Amino acid sequence: MQNSINYDKIKEAAAYHPKPQDINYTYGTAGFRMKADLLDSVIFRVGILAVLRSKKLDSKTIGIMITASHNPEHDNGVKLVDPYGEMLEQSWENYATQLANAQTEDELVDVIKQIVSNNDIDESKPANIVYARDTRPSGPALVSALVDGLKSLNSKIIDFGVKTTPQLHYVTRCYNVQGTEDDYGEPTEEGYYKKLATAFRKVVEGKSRLTPIHIDAANGVGAPKMKELAKHIGDEYLEAVLVNDDYTTQGKLNYQCGADFVKTSQRLPFGSKIKHGDRAASFDGDADRIVYYYVDEDNTFKLLDGDKIAGLAGGFIIDLVKTAGLEGINVGVVQTAYANGSSTTYLEKVMNVPVSCVPTGVKHLHHEAEKYDIGVYFEANGHGTVLFSKKALKTIHSAEGQTAEQKEAIEKLRALTDLINQTVGDALSDLLLVEAILTNRQWSLKQWDQAYSDLPNRLVKVVVENRHIFKTTDAERKLLEPTGLQEQINELISKYKNGRSFVRPSGTEDVVRVYAEAATREECDELAYKVAGLVYDQAGGTGGKPKEFL
Ligand code: G16
């Protein structure tokens, strides 16, 4: 049969993509991610897994994204996207790891057979795959390994080309729900722009346009895609000025620019010339994160990160729901341990919204946000979105409203359900969401920033021999292992006013991350570097201690 699995063919193809010796691969926070030259065999095998997943899910289209997002240009990575545009179901991550680590072709076939039998997969089902990549120079070669993997199982393949990660999530969902009552839009890049642009114009109609938004596109795929989106929206609604939009020169991607750089170093990206009064935002390398910022009268850099976006979006949506008279729709916010303490206090005490804290990684936030009628989720690093449950969508789409004010609020909520990419955090869609809210409120960035003041905070990376020895609990806020380390961290924290700090292994980089916040900048930095030094000394630090306050 045409679709059934030919194991000899797989072995033959796999021989061209041998697994390097002595490397242990793990499907982490956002799939596999590491130096691009170590990924050939992994990508080939991810293709195989995607086909198995599609067969398992009745030939639903599975998405594959080749990107390493915020990582340096020489890294690359790959992740699978499930039919509704969400991250791969967690129970399958283990299969990805097993496939990637099978040393020989025979072992690989054994793992495939096991997955087929464990999941009762009907081998004769056809498989449908759509894939895309970002602008990394290693992308084309990795795509070719992927295609070899997909072809070894006779999958139907759609090459979606060079795209942002959220565009791939969007199109995956579109393919799977086309023509159903959950239709999500045209499964094309053009369809994506049209949907977002139309919704944006609806939400801001009749309001004065804001001053230009300066966008640092991290020299990544977000640059050409933002330009395209802006064309669809039209200058009369949004004026976008791009910097760091050189996505063709090698060595520039994410280099001293982009959302991760700005959030971590808490300063302007290279190339930005914004002055007091200007408005600015940064995307990351695959345009799934966004942070905003401005400079104050005294030239101080001010960051509006994912926490601030959650507050802004949550506040606006709650107001619309109230004005529309849609009682019975609850709104909640989901954060991670990286959320600034002040933001959590603001959300809980001032906005009176329920807040949940989950481990890092979009999949965790996404699932938690699904528990609310409208779930706003944002990581402090700028990755997030808003989910509308079926109940909320039905209520919003069937509501009519009595007064003109109610009708307007309902119309805006409807438009927001199209404006927001509900599959995953999306820098382009989130930019439009923020711009739409600020336009409606006629707020400057400073006015938005006034909701609350962030506690000074600091992120430090520590390189250790083996980050996998770090085990955490309580939404990553406490270390279980190495034993005894948490007690020492607690002792340090107790010496600082409003001190908070935690340590966790990164799922996307070969480092351990240390987060700290405290009442003042000096105390916060001291705490961060002391905890980092402790980790370095007690848990196999290598390559030099983090520099300050040793
Ligand atoms: C990915 C994940 C995010 C996560 C980030 C950092 O983002 O999608 O959920 O916050 O990695 O993760 P970690 O601290 O484990 O390295 P991106 O934008 O790089 O895909």
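Predicted model: local features only at pLDDT ≥ 70, side-chain atom pairs only at ≥ 80, totals over all residues.
Residues are numbered from 1 along each chain as its sequence is written, and side-chain values use heavy atoms, with hydrogens and water left out. Helices (H or I, at least four residues) and strands (E, at least two) are DSSP runs, numbered from the N terminus.

**Helices around H4**

- Helix H3 (residues 90-101) packs with helix H4 (residues 105-118) at an angle of about 160 degrees, their axes 9 Å apart. Axes here are lines fitted to C-alpha atoms, for helices over the stretch in contact, and angles run from 0 to 180 degrees between N-to-C directions.
- That angle makes H3 roughly antiparallel to H4 (under 35 degrees is roughly parallel, over 145 roughly antiparallel, 65 to 115 roughly perpendicular, and the rest oblique).
- The crossing of H3 and H4 is left-handed, that is, the near helix is turned anticlockwise from the far one by less than a right angle; clockwise would be right-handed.
- On the H3 side, Trp 92, Tyr 95, Gln 98 and Leu 99 make the contact; from H4 come Leu 108, Val 111, Ile 112, Gln 114, Ile 115 and Asn 118. Contact means heavy atoms within 4.5 Å.
- By class, that contact has 7 nonpolar, 3 polar and no charged residues (Ala, Val, Leu, Ile, Met, Phe, Trp, Tyr, Cys and Pro count as nonpolar, Asp, Glu, Lys and Arg as charged, and the others, Gly among them, as polar).
- Helix H2 (residues 40-56) also packs with H4, at about 20 degrees and with axes 11 Å apart, which makes H2 roughly parallel to H4. This crossing is right-handed.
- Phe 44, Arg 45, Ile 48, Leu 49 and Leu 52 of H2 meet Leu 108, Ile 112, Ile 115 and Val 116 of H4, giving 8 nonpolar, no polar and 1 charged residues.

**The four-stranded sheet**

- This open sheet of 4 strands runs in the order S12-S11-S13-S14, with mixed pairing. Two strands pair if DSSP finds at least two bridges between them.
- Strand S12 (355-357) and strand S14 (384-388) sit at the edges with a single partner strand each, so one side of each has no neighbour in the sheet.
- Neighbouring strands are turned by 20 degrees against each other on average, direction ignored.
- Strand S13 (residues 374-378) and S14 run antiparallel, joined by 5 bridges, and Ile 374 stands opposite Phe 388 in S14.
- Helix H12 (residues 362-369) lies across S11, S12, S13 and S14, at about 160 degrees to S13.

**The three-stranded sheet**

- Here the order is S15-S19-S18, in an open sheet of 3 strands with antiparallel pairing.
- Strand S15 (457-462) and strand S18 (500-505) are the edge strands, each pairing on one side only.
- S18 pairs with strand S19 (residues 512-517) over 6 bridges, and Arg 504 stands opposite Arg 513 in S19.

**Aromatic pairs**

- The count comes to 11 aromatic pairs (rings of Phe, Tyr and Trp, using its six-membered ring, with centres within 6.5 Å; planes under 30 degrees apart are stacked, over 60 edge-to-face, and the rest tilted).
- Among them, Tyr 292 and Trp 448 have ring centres 5.4 Å apart and planes at 70 degrees, so the pair is edge-to-face.
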